[in-house]
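Here's a quick briefing for anyone meeting this fold for the first time. Have a look at the picture, then read on.

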Amino acid sequence: MARKRANKPVPQEERMQWFHKARFGMFIHFGLYAIPGRGEWVMYRERIPADEYAKLADRFNPRRFDADEWVSLAKDAGMKYMVVTTRHHDGFCLYDSQVSDFKSTNTPFGRDLIAEYVTAARKAGLKVGFYYSLLDWRFRGYHEPKKYPDSAKAMVRQVHQQVEELMSRYGRIDVLWYDGGWVPGLAGDEIAGFWQARKLNRMVRRLQPQILINNRSGIQEDLDTPEQYVKASDPGRGWESCMTIGDSCGWGYVRHNPNWKTVPQLLQNLVTAAKGGGNYLLNVGPQPDGR
């Protein structure tokens, strides 16, 4: 992969300016898990073997996916930025990764969904965010890192390679939203050490000097991310409350989500976040056909 030369760092205060004004963003969780319709943790919670789960890729063909439509919905709602899952904990990529065959371009869909999203968001003037899960359930070294150290190292190597792909291929990226940083048996600084997070984020900032990075790689970085509740951080600190529209039983599509928040509830959460100096990142889980 071709490497870009080092870019001049951008001061945090300058990088944060647009974010402090944004207040409202759209979070999108989409992947193979939309097909069974039981949330994005279905592989783990139902103990589906990796080879069996991988068969869902043969059915992944969201023919009604329209990046312009996704972006239009966000913009019409008053959202200023979007964050889309490039890869969740199941390891399935919505882009054409060169270090994994488990990806959207190897399905009947055959397209780089992330590339289309980026193009549409930029055209509409929205800021572009990438969600990326550090962990990958398919690696034995994630579940038992001490027992399978070679597998754990291979997973971390994949993380660094894929994040570099995402930071190199799609032009300017405004937010890198890590998730899945927790590791069985590790805590505190051990988490950042396991993922080599400082090295990883130095690379990210070299390629994307203006980017904002959240606090889920074991390092505080730029943004706090309270989940399913609204809680302000210290004054001046960047933060956004991420929340599902329905119950927290799933961020990906859940066919029978029992309780949907009302419009007044959603508006109140947005107002509370704005009052506290933060943003509201409201999640949508598209249906299997991409709507």
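Predicted model: local features only at pLDDT ≥ 70, side-chain atom pairs only at ≥ 80, totals over all residues.

Residues are numbered from 1 along each chain as its sequence is written, and side-chain values use heavy atoms, with hydrogens and water left out.

**Helix 8 and helix 10**

- The axes of helix 8 (residues 149–169) and helix 10 (residues 197–207) come within 10 Å and cross at roughly 15 degrees. Axes here are lines fitted to C-alpha atoms, for helices over the stretch in contact, and angles run from 0 to 180 degrees between N-to-C directions.
- Helices (H or I, at least four residues) and strands (E, at least two) are DSSP runs, numbered from the N terminus.
- This crossing of helix 8 and helix 10 is right-handed; the term means that the near helix is turned clockwise from the far one by less than a right angle, and left-handed means anticlockwise.
- On the helix 8 side, V159, H160, V163, E164, M167 and S168 meet K199, L200, M203, V204, R206 and L207 of helix 10. Sorted by class, that contact of helix 8 with helix 10 has seven nonpolar, two polar and three charged residues.
- For those classes, Ala, Val, Leu, Ile, Met, Phe, Trp, Tyr, Cys and Pro count as nonpolar, Asp, Glu, Lys and Arg as charged, and the others, Gly among them, as polar. Contact itself means heavy atoms within 4.5 Å.

**Helix 5 and helix 6**

- Helix 5 (residues 67–76) packs against helix 6 (residues 113–124) at an angle of about 45 degrees, with the axes 8 Å apart. The two are therefore oblique to each other.
- Helix 5 also passes helix 6 in a right-handed crossing.
- From helix 5, A67, D68, W70, V71 and K75 meet L113, E116, Y117, A120, A121, K123 and A124 of helix 6. The residues of this contact divide into eight nonpolar, no polar and four charged.

**The nonpolar cores**

- A nonpolar core is a set of buried Ala, Val, Leu, Ile, Met, Phe, Trp, Tyr and Cys residues joined through side-chain atoms within 4.5 Å. Buried means under 20% relative accessible area, exposed over 50%, and partly exposed in between (1.4 Å probe, protein chains only).
- The largest nonpolar core has 74 residues, and F130, V163, M167 and W195 touch the most other members. A second, separate core of 15 residues includes W18, F27, Y131 and L223.

- Most residues other than glycine have a negative phi.
- E221 is not a glycine, yet has a positive phi of about 50 degrees. You'll find E221 in the loop between strand 5 (212–213) and strand 6 (223–224), and it is buried at a relative accessible area of 18%.
- Q228, again a residue other than glycine, has a positive phi near 70 degrees. Q228 sits in the loop between strand 6 and strand 7 (238–244) and is partly exposed, with a relative accessible area of 25%.

- H89 lies in the loop between strand 2 (81–87) and helix 6, and is buried, with a relative accessible area of 1%. Leaving aside neighbours within four places in sequence, H89 is in contact with W41, Y131, S133, L135, D136, W137, D179, G180 and W182.
- T225 is in the loop between strand 6 and strand 7 and counts as buried at 9% relative accessibility.
- N259 belongs to the loop between strand 7 and helix 11 (263–275) and is partly exposed, with a relative accessible area of 47%.
- D289 comes in the segment after strand 8 (279–284) and is buried, with a relative accessible area of 19%. Not counting residues up to four places away in sequence, D289 touches P62, R63, R64 and F65.

Note on methods
Parallel < 35°, antiparallel > 145°, perpendicular 65-115°, else oblique.
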